[in-house]
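Open the structure in your viewer and keep the sequence panel in view. This tour goes stop by stop, with something to select at each one.

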Amino acid sequence: MRLSGKEKFAYGIGAVGKDMVYMLSASYILYYYQDILGVNALAMGAILFAARIFDAFNDPIMGVLVAKTKTRWGKFRPWLFVGTLLNAIVLYVMFSAPPALNGSGLVAYAAVTYILWGVTYTMMDIPYWSMVPAFTEGGKERESLSALARSCAGVGSALISIITVMAVSTLGGMFAKEGMDPELVGYKYFALIIAVLFVVFITITCVTIKEKSTVDMEAASVKDMFKALVQNDQAMTMVIAIVLINTALYITSNLVIYFFKYDFSPAEWEGNYTLFNTFGGGFQILSMMLLFPLMRKFINTMKIFYVCFGMAVFGYVALLLITFTGTTNVMLLMIPAFFIMSAMGMLNVVITIFLANTVDYGEWKNNRRDESVIFSMQTFVVKLASGIAALAASFVLYIFHINKDQAAGAIARSSQIGLRGSMTILPIVILMIGLVVFRTKYILTDEKLGEITGEIKNRKNA
């Protein structure tokens, strides 16, 4: 029985809320603690990266718990709802640092709340994505739902990129009392709004979506899970690709706010930064919802993957060249924004489809379907990418002396050059490494996947 429009909407709206929360943390937590509260950049980078190492143990354990879960509400929805509620609370607390804290106390507060945020996000993210193979039959339906969910996730991410700075400024002006930092207050109330929307959206998902078939998932130890993943070479290939693609994007998203505030347009940085993200977010959404389906009519997902890499690299080169022209015309930056964000949007759709395909490959090769194993690693590697990117960005900020003690627009020429190069050349290098890994290791073409699916059906009918 095919999915109804209501079910597709409910699943998609959950992705919107989920990625609104994720993007707020991934793109603004470093800025919040480093540039607003004054925490040392290296200390913040170490915290964000260490939290991802912790997730290396937490995420697989969560996958085991999901695999063992059996309730009258299904395998996934209880974890999805509880994890969402807890994560929303922690998100608000994380962006509500007590003004009295400073020094080591503030560092400790950032570390504890961020680690708790990662744990609770995992509680809901793994079951959310694990539902894709569980209530679809594979093929076009799975590809369609994966594309829809990823597109909706892109909408959530783009919305946060577009509205955060201006919304924080507005809320700060409304609620900050005399002597209080408006930006600090703005982030507190903005996080509260996003947390509430997150709970509402996921509740819609949980109420509407039901597992349409029982998926037998053999419970395994953490050791068995890692062993199974290592045996699935295609899943490992996609894990590496996801880490590299998202690391490239998150390095840019972490640094571009500093580029506008301290380099490109200090006097008008909030408006120009918002305009840049509005166009970039729009390009990302349109690429997933319109450009990807259009291209899919003419070429397969493998070719789309390579086209996206070319677009992203071209965009980064164009961005680097434009920054050295000395222009202050923000509209020129929309050219690289189109190529980079359109490419990243479609890449996120494609790699989600590829990752779902590795579940079938694992069943064919190892005689077991490990949805939670595979998708728990997706959760981990995306968060790992944000941790690596935050660590890299913190080194850039530290090395080139970019912090709240510098007047906007007054950073040294060497700092400008370092910032521009770091947010363009580093992503290019990382993307090229990802391209080499994918090209040499990934084998699941449409033809190969058809053979695998056919053989699995023959086994079941035998």
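The stops below run from the whole chain to single residues and pairs.

**Before you start**

This is a predicted model, in which local features need pLDDT of at least 70, side-chain atom pairs count only at pLDDT 80 or more, and totals for chains, interfaces and linings use all residues. Residues are numbered from 1 along each chain as its sequence is written, and side-chain values use heavy atoms, with hydrogens and water left out.

**Stop 1: the whole protein**

Show the cartoon. The protein has 15 helices and zero strands. Both are DSSP runs numbered from the N terminus: helices are H or I with at least four residues, strands are E with at least two.

Now show the surface. The protein exposes about 18,300 Å², and carbon and sulfur atoms supply 67% of that area. Accessible areas come from the Shrake-Rupley method with a 1.4 Å probe; for residues, only the protein chains shown count as cover. Of the 462 residues, 59% count as buried. Buried means under 20% relative accessible area, exposed over 50%, and partly exposed in between (1.4 Å probe, protein chains only).

A contact means heavy atoms within 4.5 Å.

**Stop 2: the core**

Select Tyr 33 and Phe 260. These two have the most contacts inside the largest nonpolar core, which has 152 residues. Helix H8 (residues 233-264) gives the most to this core, with 20 residues. Such a core is a set of buried Ala, Val, Leu, Ile, Met, Phe, Trp, Tyr and Cys residues joined through side-chain atoms within 4.5 Å.

Stay on Tyr 33. Leaving aside neighbours within four places in sequence, its contacts include Met 44, Met 94, Leu 106 and Tyr 109.

**Stop 3: an aromatic pair**

A search of the whole structure finds 35 aromatic pairs. Select Tyr 31 and Tyr 187. Their ring centres are 6.5 Å apart and their planes meet at 55°, so the pair is tilted. Tyr 31 lies in helix H1 and Tyr 187 in helix H6 (residues 182-208), so the pair ties together parts 156 residues apart in sequence. Rings of Phe, Tyr and Trp (its six-membered ring) pair if their centres lie within 6.5 Å; planes under 30 degrees apart count as stacked, over 60 as edge-to-face and the rest as tilted. Tyr 31 is buried at 2% relative accessibility, and Tyr 187 is buried at 1%.

**Stop 4: salt bridges**

How many salt bridges are there? The count comes to seven. Each is a side-chain nitrogen of Lys or Arg within 4 Å of a carboxyl oxygen of Asp or Glu.

Select Lys 261 and Asp 35. Their closest N and O atoms are 2.7 Å apart. The pair links distant parts of the chain: Lys 261 is in helix H8, Asp 35 is in helix H1 (residues 5-36), and they are 226 residues apart. Lys 261 and Asp 35 are both buried.

Next, select Asp 233 and Lys 365. This salt bridge has its closest N and O atoms 3.0 Å apart. Asp 233 lies in helix H8 and Lys 365 in helix H11 (residues 334-366), so the pair ties together parts 132 residues apart in sequence. Asp 233 is partly exposed at 28% relative accessibility, and Lys 365 is partly exposed at 39%.

Salt bridges that share partners join Lys 18, Asp 19 and Asp 125 into one network. Within this group, Lys 18 and Asp 19 meet at 2.9 Å, N to O. Lys 18 is buried at 2% relative accessible area, and Asp 19 is buried at 8%.

**Stop 5**

Select residues 413-422. Seven of the 10 residues of helix H13 are buried, so this helix is largely enclosed by the rest of the structure. Among the buried ones are Gln 416, Leu 419 and Arg 420.

Move to Thr 424, in the loop between H13 and helix H14 (425-441). Is Thr 424 buried or exposed? Thr 424 is buried, with a relative accessible area of 1%. Leaving aside neighbours within four places in sequence, Thr 424 is in contact with Tyr 316, Leu 319 and Leu 320.

**Stop 6: Trp 73**

Select Trp 73, in the loop between helix H2 (41-68) and helix H3 (77-94). Trp 73 is partly exposed, at 49% relative accessibility.
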